[in-house]
Amino acid sequence: QVQLVESGGGLAQSGGSLRLSCAASGRTFNIETMGWYRQAPGKERELVATVSLAGNTNYADSVKGRFTISRDNARKTVTLQMNSLKPEDTAVYYCYVRGVRAGEIKYLQIWGQGTLVTVSS
């Protein structure tokens, strides 16, 4: 059983910073990609940033230069440092993991429960 535990959401002022963290449990689950998605009210869920096992990162254009994603493979954690926050960053942020159980070949996508980020103007 793989579970994701998120922390770090909350309220920030425009121009401020927040840091999101996510820890994955499950020793026999080999993680390839970790990342963050977000969903604003009335909108579809969208990619924020991902990082591969090799450390390759991918960012949405809207957050490039402001957000930084990092991961600790030994601890199975992923962190999103969000700087220069804008009101349009307000959303529920979901941790995302793609990987495969040991001995299996089918990749699974696991989602966290979501953490609310609110940026006031």
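# Briefing: strands, core and aromatic contacts

In this predicted model, the side chains of Lys64 and Asp61 are joined by a polar contact of 3.1 Å. Lys64 sits in the loop between β6 (57-59) and β7. Its C-alpha lies 12 Å from that of Thr50, a residue 14 places away in sequence.

**Strand β9 and its partners**

- Strand β9 spans residues 91-101 and is mostly covered, with 8 of its 11 residues buried.
- β9 pairs with β4 in the antiparallel sense, over 10 bridges.
- In the strand β9, Cys95 is the residue that stands opposite Trp36.
- β9 also runs antiparallel to strand β11 (residues 115-120), and 3 bridges join the two.
- Val92 is placed opposite Leu116 of β11.
- Between β9 and β10 there are 4 bridges, again with the strands antiparallel.
- Bridge partners in β10 include Gln109 for Arg98 and Leu108 for Gly99.
- The hairpin of β9 and β10 has 6 residues between the strands, and Gly103 in this hairpin has a positive phi near 85°.

**The two faces of β10**

- Leu108 and Ile110 make up the covered face of β10.
- Gln109 and Trp111 make up the uncovered face of β10.
- Trp111 is partly exposed, because its relative accessible area is 35%, which falls between the limits of 20% for buried and 50% for exposed.

**Nonpolar core**

- The largest nonpolar core contains 32 residues.
- Trp36, Leu80, Met82 and Tyr93 have the most contacts inside this core.
- At least two core residues come from each of β3 (18-24), β4, β5 (46-52), β7, β8, β9, β10 and β11.
- Setting aside residues up to four places away in sequence, Tyr93 touches a set of residues that includes Leu20, Trp36, Val48, Phe67, Leu80, Met82 and Val117.
- Among the other residues that Tyr93 touches are Glu6, Tyr37, Arg38, Gly114 and Thr115.

**Thr115**

- Thr115 is located in strand β11.
- Thr115 counts as buried because its relative accessibility is 13%, under the 20% limit.
- The Thr115 side chain comes to 3.4 Å from the backbone nitrogen of Gly9.
- Apart from neighbours within four places in sequence, Thr115 is in contact with Glu6, Gly9, Leu20, Ala91, Val92 and Tyr93.

**Aromatic pairs and charges over rings**

- There are 3 aromatic pairs in the structure.
- For Tyr37 and Trp111, the ring centres are 5.1 Å apart and the planes meet at 75°, so this pair is edge-to-face; the angle limit for that class is over 60 degrees.
- The pair links distant parts of the chain, as Tyr37 belongs to strand β4 (residues 29-39) and Trp111 to strand β10 (residues 108-111), 74 residues apart.
- One aromatic cluster is formed by Tyr37, Tyr96 and Trp111.
- Trp111 also has Arg45 over its face, at 4.6 Å from the ring centre.
- Arg98 lies over the face of Tyr107, and the distance to the ring centre is 4.2 Å.

- Most residues other than glycine have a negative phi.
- Lys76 has a positive phi near 55° and is a residue other than glycine.
- Lys76 is found in the loop between β7 (67-72) and β8 (77-82).
- With a relative accessibility of 17%, Lys76 counts as buried.
- Ser84 is not a glycine either, and its phi is positive at about 50°.
- The loop between β8 and β9 holds Ser84.
- Ser84 counts as partly exposed because its relative accessibility is 41%.

Note on methods
Residues numbered from 1 in each chain as written. Predicted model: local features only at pLDDT ≥ 70, side-chain atom pairs only at ≥ 80, totals over all residues. Heavy atoms only, no water. Phe/Tyr/Trp six-rings, centres within 6.5 Å; stacked < 30°, edge-to-face > 60°. Buried < 20%, exposed > 50% of the residue type's maximum accessible area, 1.4 Å probe, protein only. Lys NZ or Arg CZ within 6 Å of the ring centre and 35° of its normal. Pairing = 2+ DSSP bridges. Polar contact = N/O pair within 3.5 Å; in protein donor to acceptor, adjacent residues only side chain to side chain. Core = buried A, V, L, I, M, F, W, Y, C linked by side-chain atoms within 4.5 Å. Contact = heavy atoms within 4.5 Å.
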